[in-house]
Amino acid sequence: MPRAKAILTFTVFAVSAFGVTFSGPIIMQTPPDNKSWDFGPMANLSGAILDVMGGFGMFLILINMTRNKYFTVNAESAMAKRAFKFMAIVSVIGIVGDIVGGLFAIAAQIALYTSLLNMRSIGKKQ
């Protein structure tokens, strides 16, 4: 992975993980009249839990990707593609949590699209 793309990908994933993690408490604190939709208190709690789980999952995957040097030029492409696939799956958990909680899931969608684009670019190289 080229250096600029690696730095941009890491930054986008870190911001997305932060956004997904902290949108959980935002769901719980936002009054119903300020949300796009409100499915009730149980949906808010479920959405907040899914967001926090998804955000922590994104942080763990990001730490694992950094530790295994998937953001370097010499990264093993099959393992990096697998890590991006896991990041996409966890992003979907964040999207579901945000939608259930009444938010638009922007941070989780950014991570999902970044993962899909990276998986596609790795697939073209092989």
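The protein averages a pLDDT of 89, and 98% of the residues score at least 70. The model is predicted.

**Exercise 1. Confidence by element**

Task: Which helix has the lowest mean pLDDT, and which the highest?

Solution. 
- Helix α4, residues 106-125, has the lowest mean pLDDT among the elements, 88.
- Helix α2 has the highest, 93.

**Exercise 2. Overall architecture**

Task: How many helices and strands does the protein have, and what pattern do they follow along the sequence?

Solution. 
- Count the elements. There are four helices and zero strands.
- Read them in order. The pattern is α-α-α-α.
- Along the principal axes, the C-alpha atoms fill roughly 50 × 25 × 20 Å.
- Finish with burial. Of the 126 residues, 39% count as buried.

**Exercise 3. Packing of α1 with α2**

Task: At what angle do α1 and α2 pack, and are they roughly parallel or antiparallel?

Solution. 
- Recall the description. Two packed helices are described by the angle between their axes and the distance between the axes.
- Locate the pair. Helix α1 spans residues 3-29 and helix α2 spans residues 41-67.
- Take the geometry. The angle is about 160°, and the axes are 7 Å apart.
- Classify. That angle makes α1 roughly antiparallel to α2, since the cut-off for this class is over 145 degrees.
- Sort the contact by class. The contact of α1 with α2 has 17 nonpolar, nine polar and one charged residues.
- Assign the hand. The crossing of α1 and α2 is left-handed.

**Exercise 4. Packing of α2 with α3**

Task: How far apart are the axes of α2 and α3, and which classes of residue make up their contact?

Solution. 
- Take the geometry. The axes of α2 and α3 lie 7 Å apart, at an angle of about 160°.
- Classify. These helices are therefore roughly antiparallel to each other.
- Sort the contact by class. The contact of α2 with α3 divides into 14 nonpolar, nine polar and two charged residues.
- Assign the hand. α2 passes α3 in a left-handed crossing.

**Exercise 5. α1 against α3**

Task: Are α1 and α3 roughly parallel or antiparallel?

Solution. 
- Locate the partner. Helix α3 covers residues 77-101.
- Take the geometry. The axes of α1 and α3 come within 10 Å and cross at roughly 30°.
- Apply the cut-off. Angles under 35 degrees count as roughly parallel.
- Conclude. α1 and α3 are therefore roughly parallel to each other.
- Assign the hand. The crossing of α1 and α3 is left-handed.

**Exercise 6. Sequence distance and space**

Solution. 
- Met58 and Val90 are 32 residues apart in sequence, and 6.5 Å apart in space.
- Asn64 and Ala83 are 19 residues apart in sequence, and 8.6 Å apart in space.
- Met42 and Phe18 are 24 residues apart in sequence, and 23 Å apart in space.

**Exercise 7. Positive phi in the loops**

Task: Where do Lys69 and Ala105 lie, and is each buried or exposed?

Solution. 
- Take Lys69. It lies in the loop between α2 and α3.
- Lys69 has a relative accessible area of 56%, so it is exposed.
- Take Ala105. It sits in the loop between α3 and α4.
- The phi of Ala105 is positive, about 65°, although Ala105 is not a glycine.
- Ala105 has a relative accessible area of 2%, so it is buried.

Technical notes: Residues numbered from 1 in each chain as written. Predicted model: local features only at pLDDT ≥ 70, side-chain atom pairs only at ≥ 80, totals over all residues. Heavy atoms only, no water. Axes fitted to C-alpha atoms, helices over the stretch in contact; angles between N-to-C directions. Helix = DSSP H or I, 4+ residues; strand = E, 2+ residues; numbered from the N terminus. Parallel < 35°, antiparallel > 145°, perpendicular 65-115°, else oblique. Left-handed = near helix turned anticlockwise from the far one by under 90°. Nonpolar A, V, L, I, M, F, W, Y, C, P; charged D, E, K, R; others polar. pLDDT = per-residue confidence, 0-100. Buried < 20%, exposed > 50% of the residue type's maximum accessible area, 1.4 Å probe, protein only.
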